[in-house]
Amino acid sequence: MHCPFCKHIDTKVLDSRVADEGGAIRRRRACVSCEKRFTTVEQMQLMVVKRSGASEPFTREKAVAGVRKACKGRPVSEDDLACLGQQVEDALRASGLAEIPAHEIGLAVLEPLKELDEVAYLRFASVYKAFESVDDFAAEIAHLMARAADGELAEASTEQ
């Protein structure tokens with residue numbers, strides 16, 4: 001690790017702590033040459049493997065950009081999108097994989113988006129799942145309605 005002050009190539013670690021609920025390590029360092037202190041944060045870099053086989057670093061904003069289009073005109077705030085982006089990244093990191101196939105990102109988006117806004121979910125799913133007909137929409141809506149009915153039944157049984 002190079003010192004950010006004097007660019008000397010040797011530093012020593014004074015303290016290490018877990019950060020971001022285990023997703024990163026925060027290290028307090030000191031330069032052996034100029035003796036100035038600085039902090040570094042180490043985090044596993046998630047890589048996205050595209051269909052072409054090319055890899056690129058995962059960016060939360062890129063994942064949220066497609067969701068933002070699906071949410072256009074819906075009552076979904078930027079804060080909601082930021083939370084969804086965090087949920088997606090957390091789910092991907094929880095998989096323990098350093099390289100994530102691109103289609104897995106879409107799968108990781110679907111469930112939190114379904115909870116956030118069902119219309120935006122249908123818009124996103126129609127592109128992601130490549131709906132080809134009205135029947136595809138009808139089947140997905142039927143699935144959402146069945147899930148909602150199951151939720152209502154669960155609520156009714158807990159009230160009794």
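Q: Where is Leu122 placed?
A: In this predicted model, Leu122 belongs to helix α4, which covers residues 118–128.

Q: Buried or exposed, that Leu122?
A: Leu122 counts as buried, because its relative accessibility is 15% and the cut-off for buried is under 20%.

Q: Which residues is Leu122 in contact with, leaving aside its neighbours within four places in sequence?
A: Leu122 is in contact with Phe137, Glu140, Ile141 and Leu144. One of these residues, Phe137, lies in helix α5, residues 134–159.

Q: And how far is Leu122 from Ala70 in space?
A: The C-alpha atoms of Leu122 and Ala70 are 8.3 Å apart, although 52 residues separate the two in sequence.

Q: Back to Phe137. How does it count by relative accessibility?
A: Phe137 counts as partly exposed, at 34% relative accessibility.

Q: Which nonpolar surface patch is Phe137 in?
A: Phe137 makes a nonpolar surface patch together with Ile141 and Met145, and the patch has an area of about 280 Å².

Q: Changing topic to α1. Which residues are buried there?
A: The buried residues of α1 are Ala63, Val64, Val67 and Ala70. They line one face of the helix, because they fall within an arc of 95° when seen down the axis of α1.

Q: What covers those buried residues of α1?
A: The cover includes α2, α3 and α4.

Q: Then α2. How many residues has it, and what does it reach?
A: Helix α2 has 17 residues, 78–94, and reaches 24 Å from its first C-alpha to its last. That is close to the 24 Å expected at 1.5 Å a residue.

Q: Which residues of α2 are buried?
A: Leu81, Leu84, Gly85, Val88, Glu89 and Leu92 are the buried residues of α2. They are on the same side of the helix, because the arc they cover around the axis is only 135°.

Q: What is on the other side of α2?
A: Asp79 and Ala94 are exposed on that other side. For Ala94, the relative accessible area is 66%.

Q: And what covers the buried residues of α2?
A: Their cover includes β3 (37–43), α1 (60–70), β6 (99–101) and α3 (102–116).

Q: How far apart are Ala94 and Gly23?
A: Ala94 and Gly23 are 9.2 Å apart in space, C-alpha to C-alpha, and 71 residues apart in sequence.

Q: Which residues other than glycine have a positive phi?
A: Lys7 and Glu35 are among them. Lys7 has a phi of about 65°, and the phi of Glu35 is near 65°.

Q: Where are Lys7 and Glu35 found?
A: Lys7 lies in the segment before β1 (11–19), and Glu35 is in the loop between β2 and β3. Lys7 counts as exposed at 56% relative accessibility, and Glu35 counts as exposed at 63%.

Q: Now salt bridges. How many does the structure hold?
A: The structure holds 14 salt bridges. One of them is formed by the side chains of Arg27 and Glu42, at 2.6 Å from N to O. Arg27 lies in strand β2 (residues 24–31) and Glu42 in strand β3, so this pair ties together parts that are 15 residues apart in sequence.

Q: Glu42, how exposed is that?
A: Glu42 is partly exposed, with a relative accessible area of 34%.

Q: What do the side chains of Glu61 and Arg68 meet in?
A: The side chains of Glu61 and Arg68 meet in a salt bridge at 2.8 Å, N to O. Glu61 counts as partly exposed at 47% relative accessibility, and Arg68 is partly exposed with a relative accessible area of 28%.

Q: And the side chains of Glu111 and Arg147?
A: They meet in a salt bridge of 3.3 Å, N to O. This pair links distant parts of the chain, with Glu111 in helix α3 and Arg147 in helix α5, 36 residues apart.

Note on methods. Residues numbered from 1 in each chain as written. Predicted model: local features only at pLDDT ≥ 70, side-chain atom pairs only at ≥ 80, totals over all residues. Heavy atoms only, no water. Helix = DSSP H or I, 4+ residues; strand = E, 2+ residues; numbered from the N terminus. Buried < 20%, exposed > 50% of the residue type's maximum accessible area, 1.4 Å probe, protein only. Contact = heavy atoms within 4.5 Å. Patch = residues over 30% accessible without salt bridge, like charges linked within 9 Å, V, L, I, M, F, W, Y side chains within 5 Å. Areas by Shrake-Rupley, 256 points an atom, 1.4 Å probe, with all protein chains shown as cover. Salt bridge = Lys/Arg side-chain N within 4 Å of Asp/Glu carboxyl O. Expected span 1.5 Å × (residues − 1). Arc of directions from axis to C-beta.
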